[in-house]
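Open your viewer, get the model on screen and keep the selection tool handy. We'll go from stop to stop, picking out a few residues each time.

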Amino acid sequence: MSLSDTVILKSVQVPHPVPGVMAAIDEQGELLIDMRLTANAPPQLIDRLNADKIELYMGQHCNLVPIDWVRTLFQKDPFQTRALEAIEQFIFECFKSMQIEALPYTPVTEVSLHGIF
């Protein structure tokens, strides 16, 4: 696991479907979502993150990935695509209606299963 400097991102706690799930906006204004919302098994997800060279943002209680990357996981499944669109809409509503926090995250590349779970 290689670590970069800690970054502070605008974050919001998403009240459901999973308690404690977080979402954030990265430095470029892109949405990051908690890995738990991808509904993928961690080993396969980690392999795909590393293969695609995607940066994961480690927080105190969550690991965030870009929602645009998550969309690539669901390209062949219309049900999951619609579910992700609904989650994204819900998260944006949370950003509008809930308290936004500035929280620290550590960008990580070359993710290992042991290091984040």
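This is a predicted model: local features need pLDDT of at least 70, side-chain atom pairs count only at pLDDT 80 or more; totals for chains, interfaces and linings use all residues.

**Stop 1: a pair on helix α1**

Select Arg48 and Asp52. Their side chains meet in a salt bridge, with 2.8 Å from N to O. Both residues sit in helix α1, four residues apart, or about one turn of the helix. Are they buried or exposed, or something in between? Arginine 48 has a relative accessible area of 32%, so it counts as partly exposed. Aspartate 52 also comes out partly exposed, at 32%.

**Stop 2: over to α2**

Now pick Asp68 and Arg71. Here is another salt bridge, this time at 2.3 Å from N to O. These two are three residues apart in helix α2, so about one helical turn separates them. Aspartate 68 is partly exposed at 42% relative accessibility, and arginine 71 is partly exposed at 30%.

**Stop 3: along α3**

Next, select Glu93 and Lys96. They form a salt bridge whose closest N and O atoms are 3.6 Å apart. Both belong to helix α3, three residues apart, which is about one turn. Glutamate 93 is partly exposed at 37% relative accessibility, whereas lysine 96, at 67%, counts as exposed. How many salt bridges does a search of the whole structure find? It finds five.

**Stop 4**

Time to go inside. In soluble globular proteins, nonpolar side chains tend to be buried together. The largest nonpolar core in this model has 27 residues, and you can start with those that have the most contacts inside it: Leu31, Ile33, Leu49, Leu56 and Ile91. Several elements give two or more residues to this core, including β2 (7-14), β4 (31-34), α1 (42-52) and α3 (78-97). Which element gives the most? That's α3, with five residues.

**Stop 5**

Find Asn40 in the loop between β4 and α1. Asparagine 40 has a relative accessible area of 32%, so it is partly exposed. Not counting residues up to four places away in sequence, asparagine 40 touches Leu45, Leu73 and Phe74. Try the distance tool on asparagine 40 and leucine 73: they are 33 residues apart in sequence and 9.0 Å apart in space, C-alpha to C-alpha.

**Stop 6: the largest pocket**

For the last stop, select Gln13, Gly20, Met22, Gly59, Gln60, His61, Cys62, Glu101, Leu103, Pro104 and Tyr105, which line the largest pocket. About 190 Å³ of space lies in this pocket. Which strand supplies the largest share of the lining? Strand β7 (residues 101-109) does, with four residues. Colour the lining by type and you'll get five nonpolar, five polar and one charged.

Notes:
Residues are numbered from 1 along each chain as its sequence is written. Side-chain values use heavy atoms; hydrogens and water are left out. A nonpolar core is a set of buried Ala, Val, Leu, Ile, Met, Phe, Trp, Tyr and Cys residues joined through side-chain atoms within 4.5 Å. Buried means under 20% relative accessible area, exposed over 50%, partly exposed in between (1.4 Å probe, protein chains only). A salt bridge is a side-chain nitrogen of Lys or Arg within 4 Å of a carboxyl oxygen of Asp or Glu. On a 1 Å grid over the protein atoms alone, a cavity is a set of points where a 1.4 Å probe fits but cannot get out, and a pocket is an open set with protein on both sides within 12 Å along at least five of seven lines; lining residues have an atom within 4 Å of a point. Grid points are joined across faces, edges and corners, and a volume is the space filled by probe spheres set on the points. Ala, Val, Leu, Ile, Met, Phe, Trp, Tyr, Cys and Pro count as nonpolar, Asp, Glu, Lys and Arg as charged, and the others, Gly among them, as polar. Contact means heavy atoms within 4.5 Å.
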